[in-house]
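Please keep the sequence and the model at hand.

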Amino acid sequence: MKDKDTSSIQAETSHPMRVIYTKHFPSGNYHGINLFGTIFVQKRWGVMDRHELNHEFIHTMQQWEMTYPLFYLWYGIEYLVRLLQHRFDTHKAYYSISFEREAYANEHNLSYPRHRRPFAWLRYLTTPFSRKKA
Ligand SMILES: [Zn+2]
């Protein structure tokens with residue numbers, strides 16, 4: 001299933017996604033991390049499905065338009081601001097980051113990357129937080 005899922009994302013986006021399954025990285029409860037367009041996932045969380053791949057590809061598009069260093073800088077600063085906003089609730093802070101909101105809101109729409117407008121995450125900056133599940 002892994003190859004099928006990956007190729008369908010590639011067909012949608014015409015861009016290859018590299019996923020590396022690791023033993024210990026990223027650590028803790030983080031399932032995966034997108035570093036410069038390459039996804040690192042701990043094996044124990046299983047193979048990424050097409051919606052998770054789509055989620056990560058949305059991050060890759062955000063990284064392209066922000067250029068990589070600015071993406072990570074903005075991500076970090078917004079996380080700190082969200083932490084303050086949500087009284088150090090790390091869960092809420094994470095799901096409030098505009099990059100994450102755009103990715104979670106659209107990960108089930110596999111054609112989203114094709115129709116996405118540049119800097120679409122900006123409109124999630126001001127949308128109220130509404131993440132129900134973990
Ligand atoms: Zn994400």
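## Overall layout

Along the sequence, the chain follows the pattern α-β-β-β-α-α-α-α-α. Its secondary structure comes to six helices and three strands. Helices (H or I, at least four residues) and strands (E, at least two) are DSSP runs, numbered from the N terminus. The model is predicted: local features need pLDDT of at least 70, side-chain atom pairs count only at pLDDT 80 or more, and totals for chains, interfaces and linings use all residues. Residues are numbered from 1 along each chain as its sequence is written.

Of the 134 residues of the chain, 23% count as buried. A residue is buried if 20 or more other C-beta atoms lie within 10 Å of its own, exposed if 12 or fewer, and partly exposed in between, with C-beta atoms placed from the backbone. Contacts tell how the chain folds back on itself. Two residues are in contact if their C-beta atoms, placed from the backbone, lie within 7 Å. Among contacts with a separation of 6 or more, residues 24 or more positions apart account for 51%.

## The sheet

Three strands make an open sheet in the order S1-S3-S2, with mixed pairing. S1 and S2 are the edge strands, and each pairs on one side only. From one strand to the next, the twist averages 20 degrees. Strands of a sheet pair through backbone hydrogen bonds, either parallel or antiparallel. Here, two strands pair if DSSP finds at least two bridges between them.

S1 (residues 18-22) is hardly covered: the count of buried residues among its five residues is zero. S1 and S3 run parallel and are joined by five bridges. S2 (residues 32-35) pairs with S3 (residues 38-42) in the antiparallel sense, over four bridges. Val 41 in S3 is the bridge partner of Tyr 21. Val 41 is also the bridge partner of Gly 32.

## Hairpin and strand faces

S2 and S3 form a hairpin with two residues between them. In the turn, Phe 36 has a positive phi of about 55 degrees. In a regular strand the side chains alternate between the two faces of the sheet. S2 has a covered face, Gly 32 and Asn 34, and an uncovered one, Ile 33 and Leu 35.

Ile 20 is found in S1. Is Ile 20 buried or exposed? Ile 20 counts as exposed, because it has 11 C-beta neighbours inside 10 Å. Leaving out residues up to four places away in sequence, Ile 20 touches Thr 38, Ile 39 and Phe 40. Ile 20 and Val 41 are 21 residues apart in sequence, and their C-alpha atoms are 6.2 Å apart in space.

The 17 residues of H2 should span 24 Å at 1.5 Å a residue, and its end C-alpha atoms are 24 Å apart, which agrees. The expected span of a helix is 1.5 Å times one less than its number of residues. After H2 comes Thr 67, whose phi is positive, near 60 degrees. H3 (residues 68-85) has 18 residues and should span 26 Å; its end C-alpha atoms are 26 Å apart, in agreement. Just after H3, Arg 87 takes a positive phi of about 50 degrees.

H2 and H3 pack at an angle of about 110 degrees, with their axes 6 Å apart. Axes are lines fitted to C-alpha atoms, for helices over the stretch in contact, and angles run from 0 to 180 degrees between N-to-C directions. H2 and H3 are therefore roughly perpendicular to each other. Gln 62, Gln 63 and Met 66 of H2 make the contact with Tyr 68, Leu 70, Phe 71 and Trp 74 of H3.

## Helix H5

The axes of H2 and H5 (residues 98-106) come within 9 Å and cross at roughly 140 degrees. That makes H2 oblique to H5. Angles under 35 degrees count as roughly parallel, over 145 as roughly antiparallel, 65 to 115 as roughly perpendicular and the rest as oblique. On the H2 side, His 55, Ile 58, His 59 and Gln 62 meet Phe 99, Glu 102, Ala 103, Tyr 104 and Asn 106 in H5.

The buried residues of H5 are Ser 98, Phe 99, Glu 100, Glu 102 and Ala 103. Their cover includes H2, H3 and helix H4 (90-96).
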